[in-house]
Amino acid sequence: MDFFSGGRRVGGGGGLLPSTAATAKVKPARKSSSASSRRRGRLRDVLSPTSTFFLIGLSISFLFFVAVVVLYGVPNPLSSSHSKHRIARRRPLPSGGASSDGSGGGMAGGEMIAAAAVVDITTKDLYDRIEFLDVDGGAWKQGWKVTFAGNEWDDEKLKVFVAPHSHNDPGWRLTVEEYYQRQSRYILDTIVESLSKDTRRKFIWEEMSYLERWWREASGEKKESFINLVKNGQLEIVGGGWVMNDEANSHYFAIIEQITEGNMWLNETIGVIPKNSWAIDPFGYSATMAYLLRRMGFRNMLIQRTHYELKKELALNKNLEYIWRQSWDMDETTDIFVHMMPFYSYDIPHTCGPEPAICCQFDFARMRGFSYEACPWKFDPVETNSNNVQERAMTLLDQYRKKSTLYRTNTLLVPLGDDFRYVSMDEAEVQFRNYQMIFDYINSNPSLNAEVKFGTLEDYFGTLREEAERRNFSRPGEVGSAELEGFPSLSGDFFTYADRNQDYWSGYYVSRPFFKAFDRVLEQTLRASEILAALVLGYCQKLQCAKLPISFSHKLTAARRNLALFQHHDGVTGTAKNHVVTDYGTRMRTSLQDLQIFMARAVEVLLGDFHDKADPTLLSHFEPEQSRSRYDAQPVHKFLDVNDGEPRSVVFFNPLEQTRDEVVMVLVSKPDVSVWHSNGSCVKSQVSPDWKHDTTEDNTKLHRLYWRASVPAMGLETYFVAHGSPSCEKAAPAKVRVFSDTPFSCPPPYVCSKIETDTVQIHNLLYTLTFDVKRGLLQKISHKDGKQTYVGEDIGLYSSVGSGAYLFKPIGDAKPVIEEGGQFIISEGSLVQESFSIPKTMWKNRPISHRTRIYSAQETVQQLIVEKEYHVELLGDEFNDRELIVRFKTDIDNKRVFYSDLNGFQMSRRQTYDKIPPQGNYYPMPSLAFMQDPSGHRFSVHSKQSLGAASLRDGWLEIMLDRRLVYDDGRGLGQGVMDNLPNNVIFHILTESNISALPSNHMLLTLQPSLLSHRVASKVYTDEPVNLFYMFKDLTVFNVKATSLNLLHDDTEMLGLQVRPSVSNIGYVRLDQSTDTLFL
């Protein structure tokens, strides 16, 4: 995982996606003659730092520089005229403006203040200012009684765009296929037929997953009509992603994948590239999404589900439309225009105006004869006719006018739709017919100063931008943006979402954690598979094996789409019905298996053990080290069944661009084994017992074999494991120390001793870890330089009433669940030191067991981390309406401020507020959270899956691990979350005491991960054995050779790659479509 802070020192450079800046030309390398080499050698001698001539020149240059500074002062920085205008305009902080320190990037120290972008509003400012009193506003319950004077439209008439839409969830209460067969296919048919009847009708569509499915079955006539509707502007594709993705749990890699998959299909099939984003249903919004959309060419966004108190505050000041800026972007290169919907929901009762009882009367599909529920306010819609059109039109126009007073311009957007609407022609006709009659009446009366018509997002944003350019909506002292003048600039994110009555949607950060972890495994495996596919395609230019990557291309596409599908805001969130979760899981497991089969065959090809070149798609002799028997089963480590004289090979694949050097593990059937490298050298190794997570048996009868492996960038490496090898030293068995309140059997050949003390320690060259023996919990981490971090690990359970898949509603604080007793085992070896705890609890079926590991591998990232692995089983009825957490009660003086990541991309500052309940102080933690005190002492937790985190007391960092909930929380799902599965949650803990000391106002700043933390994060994100070092067992090893496929060095010829000297785009691999040859 890479965190991008946008060039904190110099502004907003360094984006994830290619920028529009010209790429610098790189001259091709060429062979030098001996004469030119000699000339360069003499020149190097003259300019060498040890040369007298060099020192004289350096001294003269320094004196000249000092003279210039004394005479003329420090020069201003150079920039383009356009950039100079924008930066100069914002150099002084205007009254009312705010530095976006509360929610973005920056380096620790004074540089952070200078680097933070200047904006008008930060979400931190909003939280500081709002009292969160949940005042009843009357008809608009979460607002106030909206009025208008009547002369607001005398100079500029009100222009209303009513945008028909249908929100189609790709899985929620039904599976994606069930929804398609029952509703979505008919909705798309209806759109084509209804819009073709009247060119004044418009519609917007978002989900490409359904459109692609429909396209496969649609007739040629329907396809042609669809394309024509898009081209003439009646039908707009908005967003264009495969799904409308969640923004709290999804990793940025998966977000890019799902948007790319949808947009590429759309462009290749229909020839459209969307420019407007439509996100009405994600449960909160991330600044990362705004950044990615802007970099992808989007100019406008629409969002809906933000905290109702924030909506009210923004509406009071007419700031519901703003420019979203990354908080580290001083040059405004990431600015994107945002329209925030003002009311409770995106359904028709909550979109026409502030009074839902009135707006519901204009949802004509709620009339008798249709299947939708009647208006709950008891005033049902009636057919519009010549007798009532005036009254109906004036009533609706009154709502439009009231809604428009919440915005700055006289251009208004009114969405017209709901979930799975327009499913029949009768429904479409009743909506279009009645609205068109009302529109005609309003438009035929110029005295009303209003024009109303159906429109798309492009119609709305285009008209708004035209009006904003004609009229000056800027306020005195407002920072604004050059992207679109007249609107405030804002930075920050919109978590945690609350929709009503202080109900906070922080539960979905953790719901179904098993599948959140599975999501990352598929994500990592897909990335590795795509890299291997590129390597094999190049390799096969010289051999008759190109059929391999080509034959698997459709399965790579299916894997991308299944990963994309799960990014849906009811997929990775864990907020779907049980059978829908089963469908998601089955799809992901199928794709994972397909990718593993491909990777096994690809590794075989690249290692030269390619037995059947006629059909390279046959099953490989290799197999993955981990497998899943079912979609809902934990991954199982396969073990090496070593026999005398039969060495087994283990092949590692490293898909990263850096060499990986670290301790690896495989399971073996016998402890007396040896490890050697493919070059014949012996490798030092260690064996430890493989303990079980329950006390019915102490161990699995297998052994964990550890050794230190090194795998080149984008490369493969082979190691051999054998039993009874006389040439290499056998693996050293770990020493075992045990505390147990039940009988314990020491497994051979290990030597076990009893722990007699209340505390015990394990250590490597950097750390000493101290544990509470009777509870098995980590107490403190001591560094070799004498600095200590008190950790105070604790495990607790919240009780809740009203919690569900979406909501977290605890009753009081979490209660500790660990009692004195249980079983605590220390395994100490030369490479790995581990504690294993099966704690005593009040329940026979323990909800948790856990391991703590440190590694002895000098000059590796591994040696710098403390690895925690929690095995969670929240399975029995005794855990109903309970939510399990781990809490680190550290001695860090963080003032209840911590930092969590947004989509593995950037950090966001989080502050605990007393005026908000605990559930509102929980935030998404897709991969990282850390705390820091003013002296630079930092405590970081890197996670391999998305979870929720909070700092409810000074020095505390708590992370929720799982939740089991009986009841529905009233948000439409209609069930609780009772399908819990055993799950392993893995953290990498990092303590740092050398972070730069912070200024006195550091609590207002957003801090960034250290360089070391970046390295750890990269390791965590790719640390599945199936991805980081893809591990295989070979059935025959005699013809296999170790091969390093490092694109950065000298293997390009072997891969069929050629260096094209004239190409300026150095640094990436692309496929030449005309020759199917890879070029670097």
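Colleague: Where is Thr496 found?
Modeller: This is a predicted model. A cis peptide bond joins Phe495 and Thr496, with omega at about 5°. As for its place, Thr496 is found in the loop between strand 13 (489-491) and helix 16 (513-539).

Colleague: Which loop holds Pro749?
Modeller: Start with the backbone. The peptide bond from Pro748 to Pro749 is cis, and omega is near 5°. Pro749 lies in the loop between strand 26 (735-740) and strand 27 (752-754).

Colleague: How many helices and strands does the protein have?
Modeller: Buried residues make up 61% of the 1080 residues. Residues 24 or more positions apart account for 74% of the contacts with a separation of 6 or more. The protein has 20 helices and 49 strands.

Colleague: What share of the accessible surface belongs to carbon and sulfur atoms?
Modeller: The accessible surface of the protein comes to about 41,500 Å². Carbon and sulfur atoms hold 53%.

Colleague: Is helix 13 roughly parallel or roughly perpendicular to helix 14?
Modeller: Helix 13 (residues 389-404) and helix 14 (residues 425-443) pack with their axes 9 Å apart, at an angle of about 85°. Angles of 65 to 115 degrees count as roughly perpendicular. Therefore helix 13 is, relative to helix 14, roughly perpendicular.

Colleague: How many nonpolar residues does the contact of helix 13 with helix 14 have?
Modeller: Helix 13 brings Val389, Gln390, Arg392, Ala393, Leu396, Leu397 and Tyr400. Helix 14 brings Tyr435, Met437, Ile438, Phe439, Tyr441 and Ile442. By class, 1 residue is polar and 1 is charged, and the number of nonpolar residues is 11.

Colleague: Is Arg465 buried or exposed?
Modeller: Arg465 is found in helix 15 (residues 457-470). Leaving out residues up to four places away in sequence, Arg465 touches Arg299, Asn300, Phe337, Glu483 and Leu484. The cut-off for buried is under 20% relative accessible area. Arg465 has 8%, so it is buried.

Colleague: Why is helix 11 largely enclosed by the rest of the structure?
Modeller: The buried residues are Tyr308, Glu309, Leu310, Lys311, Lys312, Glu313, Leu314 and Ala315. They pack against strand 3 (121-122), helix 5 (123-129) and strand 10 (336-340). Helix 11 (residues 308-316) is largely enclosed because its buried residues number 8 of the 9.

Colleague: Which residue takes a positive phi just after helix 11?
Modeller: The value of phi is about 55°. The residue is Lys318.

Colleague: What separates the C-alpha atoms of Asn699 and Ser745?
Modeller: Asn699 lies in strand 23 (residues 699-711). At 7% relative accessibility, Asn699 counts as buried. Beyond its neighbours within four places in sequence, Asn699 is in contact with Asp690, Trp691, Lys692 and Pro747. Asn699 and Ser745 are 46 residues apart along the chain, and their C-alpha atoms are separated by 9.2 Å.

Colleague: Is Lys701 buried or exposed?
Modeller: Lys701 is also found in strand 23. Lys701 is not a glycine, yet has a positive phi of about 75°. Its relative accessible area is 55%, and the cut-off for exposed is over 50%. So Lys701 is exposed.

Conventions:
Residues are numbered from 1 along each chain as its sequence is written. This is a predicted model: local features need pLDDT of at least 70, side-chain atom pairs count only at pLDDT 80 or more; totals for chains, interfaces and linings use all residues. Side-chain values use heavy atoms; hydrogens and water are left out. Helices (H or I, at least four residues) and strands (E, at least two) are DSSP runs, numbered from the N terminus. Buried means under 20% relative accessible area, exposed over 50%, partly exposed in between (1.4 Å probe, protein chains only). Contact means heavy atoms within 4.5 Å. Accessible areas come from the Shrake-Rupley method with a 1.4 Å probe; for residues, only the protein chains shown count as cover. Axes are lines fitted to C-alpha atoms, for helices over the stretch in contact, and angles run from 0 to 180 degrees between N-to-C directions. Angles under 35 degrees count as roughly parallel, over 145 as roughly antiparallel, 65 to 115 as roughly perpendicular and the rest as oblique. Ala, Val, Leu, Ile, Met, Phe, Trp, Tyr, Cys and Pro count as nonpolar, Asp, Glu, Lys and Arg as charged, and the others, Gly among them, as polar.
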